[in-house]
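Here is a short report on one protein model. Look at the strands and their order before reading on.

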Amino acid sequence: MPRTEFLATGYYVPERVVTNAELETYMDTSDEWIRQRSGIEERRWCAEGEGGSDMAKVATERALEKAGMVADEIDCIVVATISPDYFFPGTGVFLQRKLGLKNVPCLDVRNQCTGFLYGLEVADAFIRAGQYRRVLLVGTEIHSTGLQVNTEGRDTAVLFGDGAGVAILGPTEDPDRGVLAVRTHADGEHAEKLWAPAPACIRNPFISKEDIDAGLARPYMEGREVFKHAVTRMPESIEEVLAEAGHGIDEVDLVIPHQANLRISEMVQRRLGLSDDRIFNNIMRYGNTTAATIPIALSEAIDQGRVERGDLLAFTAFGSGFTWGAALIRW
Ligand SMILES: CC(C)(COP(=O)(O)OP(=O)(O)OC[C@H]1O[C@@H](n2cnc3c(N)ncnc32)[C@H](O)[C@@H]1OP(=O)(O)O)[C@@H](O)C(=O)NCCC(=O)NCCS
């Protein structure tokens, strides 16, 4: 059975930079509070009419160019997003159309901050089974249009940002390279600890003015509970994929954690005993872009020369659901 290798990556973030100082003009918050609690200094917000599929298209074009490929060579699209362009159909078909692709399957994955890892698990299985040879795996999110940008919504409004990252995946016959292990988990007991109660088809009508006025359409988060679980599950899941692949943490060259909060990443780093050069963080500039954080960070790490062929990389994520997981990749 072949393994799955990363052929190329790409990312795109909107041009508009929103600093903590700008947020201070919309709500009762402060640059100091945001930096201290989350490490975030600024994030990007999309332009009017810009969708997750538009951002993913640009990120894909950048990855295709690096891979020396054309869009027609992609034979499957997997899109991880919790902020789809429309309620239905999924973002994958809009991306397919914008890339000028015809008749390739488009799978939308809805696993929040762990979406990219769930997508990777599926894409890896497709490729190893010989089902598809060139899978476009996408994480793309537009949060700025769904946040409540005032004091009531400040606990989440300051944390999230917009952006897209992609990876083009394909088979390699080298048994020592590519995705060595990927594992995902979930515990629905905690579903309401980080969620958006509306719009919801379980309600009739699925959205009303009253729902919006009551704040049901904005994210609700029990921040401390999320923090507590994240700092346990992320290191634990890295240990799990390391054990599965028969490697130790000392062999890992770079850990790319989901960018939820710099304090979470710092605790993961401490628990795994990693020096600063063995973990990658960019939340300071982009905030939490949910399913897009890992592919954006991976692309930036590559661009900065922090990933070389033969390196052992570990990804890990935790988020709403709760869902979490990790992957181990020999570059
Ligand atoms: C959200 C988080 C930063 C909040 O930090 P915290 O220390 O737990 O803060 P609390 O929620 O206890 O709130 C402390 C105070 O700050 C206030 N506050 C909340 N958001 C604020 C903001 N943006 N600016 C200023 N004050 C704020 C609260 O209202 C509260 O005030 P009170 O004490 O008068 O009631 C932290 O819990 C966290 O990072 N959790 C994980 C979040 C995450 O990663 N989510 C995504 C997962 S994928």
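In what order do the four strands of the open sheet with mixed pairing run? The order is β8-β13-β12-β11.

## Basis

This is a predicted model: local features need pLDDT of at least 70, side-chain atom pairs count only at pLDDT 80 or more, and totals for chains, interfaces and linings use all residues. Residues are numbered from 1 along each chain as its sequence is written, and side-chain values use heavy atoms, without hydrogens and water.

## Four-stranded sheet

Strands are DSSP runs (E, at least two residues), numbered from the N terminus. Two strands pair if DSSP finds at least two bridges between them. The edge strands, β8 (178-186) and β11 (254-257), each pair on one side only. Strands β12 (residues 312-319) and β13 (residues 323-330) run antiparallel, joined by eight bridges. Phe 318 stands opposite Trp 324 in β13.

## Five-stranded sheet

Five strands form an open sheet with mixed pairing, in the order β1-β7-β6-β4-β5. Its edge strands are β1 and β5 (106-109). Strands β4 (residues 76-80) and β6 (residues 135-141) run parallel, with five bridges. The bridge partner of Ala 80 in β6 is Gly 139.

## Arg 3

Arg 3 lies in strand β1 (residues 3-12). Arg 3 is buried (under 20% relative accessible area, 1.4 Å probe, protein chains only). Arg 3 has no salt bridge (a side-chain nitrogen of Lys or Arg within 4 Å of a carboxyl oxygen of Asp or Glu). The nearest side chain of opposite charge, Asp 176, is 6.4 Å away. A polar atom of the Arg 3 side chain lies 3.3 Å from the backbone oxygen of Val 179.

Definitions and conventions. Buried means under 20% relative accessible area, exposed over 50%, partly exposed in between (1.4 Å probe, protein chains only). Lys and Arg count as positive and Asp and Glu as negative; His and the chain ends are not counted. A polar contact is a pair of N or O atoms within 3.5 Å; within protein, one must be able to donate a hydrogen and the other to accept it, and residues adjacent in sequence count only if both atoms are side-chain atoms.
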